[in-house]
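This report looks at charged side chains and their surroundings in a predicted model. The sequence and structure follow.

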Amino acid sequence: MPRYEFRCRTCEDTFEVSRSMAESSAPADCPAGHADTVKLLSAVAVGGTSSAPAPSGGGCCGGGGCC
């Protein structure tokens, strides 16, 4: 289930809420009970490398088995 980050405008606490994507824009009360919160935009960084196979030969008879 996705986690969404909120900040309380009253106490300035930042907290996370787990909820479905369908409920992502619903308001959330802070753990201290304040209702004046705002949903924060989270930047997700995904790193790594990809190992895609190199294209074979090229053209119809480049070893692709079409001839």
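## The Arg3–Glu16 pair

The side chains of the two residues meet in a salt bridge, with an N to O distance of 2.6 Å. Because Arg3 belongs to strand E1 (residues 3-8) and Glu16 to strand E2, the pair ties together parts that are 13 residues apart in sequence.

## The Arg9–Asp36 pair

The count of salt bridges in this predicted model comes to 2, and Asp36 forms one of them with Arg9, the closest N and O atoms being 3.7 Å apart. This pair links distant parts of the chain, 27 residues apart, with Arg9 in the loop between E1 and E2 and Asp36 in the loop between E2 and E3. Arg9 is exposed, with a relative accessible area of 54%, whereas Asp36 counts as partly exposed at 37%.

## A buried arginine without a salt bridge

Arg19, found in the loop between strand E2 (14-18) and strand E3 (37-39), is buried yet has no salt bridge. A polar atom of the Arg19 side chain does lie 3.5 Å from the backbone oxygen of Pro27. Beyond neighbours within four places in sequence, Arg19 is in contact with residues including Met1, Tyr4, Phe6 and Ala28.

## Overall setting

The protein has 0 helices and 3 strands, and 15% of its 67 residues count as buried. It exposes about 5,300 Å², of which carbon and sulfur atoms supply 53%.

How values were computed. Residues numbered from 1 in each chain as written. Predicted model: local features only at pLDDT ≥ 70, side-chain atom pairs only at ≥ 80, totals over all residues. Heavy atoms only, no water. Helix = DSSP H or I, 4+ residues; strand = E, 2+ residues; numbered from the N terminus. Buried < 20%, exposed > 50% of the residue type's maximum accessible area, 1.4 Å probe, protein only. Areas by Shrake-Rupley, 256 points an atom, 1.4 Å probe, with all protein chains shown as cover. Lys, Arg positive; Asp, Glu negative; His and termini not counted. Salt bridge = Lys/Arg side-chain N within 4 Å of Asp/Glu carboxyl O. Polar contact = N/O pair within 3.5 Å; in protein donor to acceptor, adjacent residues only side chain to side chain. Contact = heavy atoms within 4.5 Å.
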